[in-house]
Amino acid sequence: MARIAATALAALAAAGAHAQPGACTATSAPGTAALIELYTSEGCSSCPPADRWLSTLRESGFGPDRLVPLALHVDYWDYIGWRDPFAQALFSARQRELAAIHRARVVYTPQVMLAGKDFRGWSSRRFADAVAAVNGTAARARITLALSAAGGATAGLRATASVPERKAAEDAVLYVARYENGLSTRVERGENRGKTLHHDFVAREWWGPLALAAAGGVTFERSLDSHGLNRGGVAAFVQNRRTGEVLQALALPGCV
């Protein structure tokens with residue numbers, strides 16, 4: 001038990017979270033955390049290496065203050081023999097929207113989006129340099145995440161975001177996600193037939209885009225199933241809906 005508690009406290013400290021009786025919070029830093037979106041599918045034979053890569057980011061030294069990873073499972077490969085249990089049409093639509101913003105002709109898997117842009121060098125040394133470049137940029141948004149025990153098997157989520165620069169706030173929107181770690185599937189059909197696939201940072205619930213008010217801020221509140229939080233946490237990011245630029249990102253491990 002002591003070992004588990006120490007691990008949890010270390011994760012909270014790395015995320016900028018502050019444990020309180022029945023609640024915990026995290027606030028974004030002055031620098032920009034790099035949002036990583038992995039578009040993947042269990043029906044895609046080339047995706048498992050990217051899934052494994054995403055799972056190793058924390059142990060590779062990319063803490064929550066530097067990087068916020070999310071795996072978004074798309075549904076457009078479900079027709080080839082295996083229905084991905086984590087896939088959502090919403091994520092396929094988001095991938096296509098980002099492609100349209102950047103005038104890309106196709107979407108593909110596995111695709112890594114770094115700070116809102118396609119990044120094909122995710123498996124190379126260029127990745128660390130790209131993340132460092134994002135981290136060295138002053139954040140243009142401030143985000144706070146809070147989780148609180150709401151009784152029974154329910155937790156309360158509160159996310160707030162603000163964009164001080166008036167012009168940047170005009171096109172800024174907030175996204176909030178609940179993610180899970182330690183998920184696995186024994187694939188019975190399709191391109192990955194016979195394989196057991198493991199996943200972390202899998203987006204299970206997704207809210208947004210949430211528009212900012214005229215004053216440049218927004219607050220989002222939701223009740224969550226606390227059981228799922230034990231295996232993951234919540235994340236939020238502010239993005240320019242016109243250019244795709246990510247102004248800031250933040251993650252908070254499940255801590256209630």
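Colleague: How many residues in the lining of the second largest pocket are nonpolar, how many polar and how many charged?

Modeller: Nine are nonpolar, two polar and four charged. Ala, Val, Leu, Ile, Met, Phe, Trp, Tyr, Cys and Pro count as nonpolar, Asp, Glu, Lys and Arg as charged, and the others, Gly among them, as polar. This is a predicted model: local features need pLDDT of at least 70 and side-chain atom pairs count only at pLDDT 80 or more, while totals for chains, interfaces and linings use all residues. Residues are numbered from 1 along each chain as its sequence is written, and side-chain values use heavy atoms, with hydrogens and water left out.

Colleague: What volume does the second largest pocket have, and which residues are closest to its centre?

Modeller: Rolling a probe the size of a water molecule over the atoms shows where empty space is left. On a 1 Å grid over the protein atoms alone, a pocket is an open set of points with protein on both sides within 12 Å along at least five of seven lines, whereas a cavity is a set where a 1.4 Å probe fits but cannot get out; lining residues have an atom within 4 Å of a point. Points are joined across faces, edges and corners, and a volume is the space filled by probe spheres set on them. Here the volume is about 280 Å³. The pocket is lined by 15 residues, and Ala115, Lys117, Val134, Glu245 and Val246 are the closest to its centre. Strand S6 (117-118), H4 and S15 each give two or more residues to that lining; helices (H or I, at least four residues) and strands (E, at least two) are DSSP runs, numbered from the N terminus.

Colleague: Which residues of H4 are buried?

Modeller: An α-helix has 3.6 residues a turn, so residues three or four places apart point the same way. In H4 (residues 126-135), Phe127, Ala130, Val131, Val134 and Asn135 are buried, that is, under 20% relative accessible area, with exposed meaning over 50% and partly exposed in between (1.4 Å probe, protein chains only). Seen down the axis of H4, they fall within an arc of 140°, so they line one face of the helix; the arc is that of the directions from the helix axis to the C-beta atoms. Asp129 and Ala133, on the other side, are exposed. The cover over the buried residues of H4 includes S3, H2, S4 and strand S5 (111-114).

Colleague: How many cavities of 30 Å³ or more does the search find?

Modeller: One, and the largest cavity holds about 40 Å³ of space. Its lining is Leu38, Thr40, Asp51, Leu54, Ser55, Ala71, His73, His199 and Asp200. By class, the lining has three nonpolar, four polar and two charged residues.

Colleague: Which cysteines does a disulfide join?

Modeller: The rule is a pair of cysteine sulfur atoms within 2.5 Å, and the count comes to one. Cys24 is joined to Cys255, S to S 1.7 Å, and the link is right-handed, with 65° about the S-S bond. Cys24 lies in strand S2 (residues 23-27) and Cys255 in the segment after strand S15 (246-253), so the pair ties together parts 231 residues apart in sequence. Cys24 is buried at 0% relative accessibility, while Cys255 is partly exposed at 22%.

Definitions and conventions. Contact = heavy atoms within 4.5 Å.
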